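Could you walk me through this protein chain?

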Amino acid sequence: LGSVDQAIWACERILEIEPGDRESLHRLQTLRREQGAITELLTALDAEFNHTPDDVERAGILRRMAHIAEGELGDQEYAAGLWSALLDMTPDNLDVVDRVIDNLSRANRNDELANLLERVASSSHTPELRRFDYWSRLGRLAQEGLDDPDLARKAFEAALKLRPDHRPTLQ
């Protein structure tokens, strides 16, 4: 096949017959990347995601999609949805947690942000230093963004249990 368009056409015909053909999906992704066709690349990645049974591989595909949507497509809302879906698959992955926290914060989705901060701050899987940071951040959010003094007090008290000598939290 001499042209990229012909190669894409061939991959798409194979995928019509065998939608989960990994070789065709990967080749199509490579071709779409070469074309700079980011939306079509994401469509091909989504097809691979939907035909991949292994959760670890699925999480990797979703992470790649989120990075592409964020960095190359520039669609923050779509990327935020992908990061949230990845969080559902890997709830203890703190890198993903932090991405979702940043997205929720930028979108001023304070109620969802508060719920996530409280969940990860309460988790025994979260390292103590990160728990402190999440409780402190929740306290500030509750105080400034939610006007919820009870939640703010609860969060700051939890943070102080972890670091009783932290002066900014004491104030």
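Here are some questions and answers about the chain as a whole and two of its residues.

This is a predicted model, in which local features need pLDDT of at least 70, side-chain atom pairs count only at pLDDT 80 or more, and totals for chains, interfaces and linings use all residues. Residues are numbered from 1 along each chain as its sequence is written, and side-chain values use heavy atoms, with hydrogens and water left out.

Q: How many helices and how many strands are in the chain?
A: Helices (H or I, at least four residues) and strands (E, at least two) are DSSP runs, numbered from the N terminus. Read from the N terminus, the elements run α-α-α-α-α-α-α-α-α-α. The count is 10 helices and zero strands.

Q: Is the chain spread out or a compact globule, and what is its radius of gyration?
A: The radius of gyration is taken over C-alpha atoms, and the globule rule is 2.2 Å times the number of residues to the power 0.38. For 171 residues that rule gives 16 Å, and the chain is well over this, so it is more spread out than a compact globule, with a radius of gyration of 21 Å.

Q: Is Gln-29 buried or exposed, and at what relative accessibility?
A: Gln-29 sits in helix H2, which covers residues 22-35. Buried means under 20% relative accessible area, exposed over 50%, and partly exposed in between (1.4 Å probe, protein chains only). Gln-29 counts as buried because its relative accessibility is 3%.

Q: Which residue's side chain joins that of Gln-29 in a polar contact of 2.8 Å?
A: A polar contact is a pair of N or O atoms within 3.5 Å; within protein, one must be able to donate a hydrogen and the other to accept it, and residues adjacent in sequence count only if both atoms are side-chain atoms. The side chains of Gln-29 and Arg-64 are joined by one of 3.1 Å. At 2.8 Å, the partner of Gln-29 is Glu-48.

Q: Which residues does Arg-32 contact, leaving aside its neighbours within four places in sequence?
A: Arg-32 also belongs to helix H2 and is buried, with a relative accessible area of 13%. Contact means heavy atoms within 4.5 Å. Beyond those sequence neighbours, Arg-32 touches Ile-8, Glu-12, Ala-37, Glu-40 and Leu-41.
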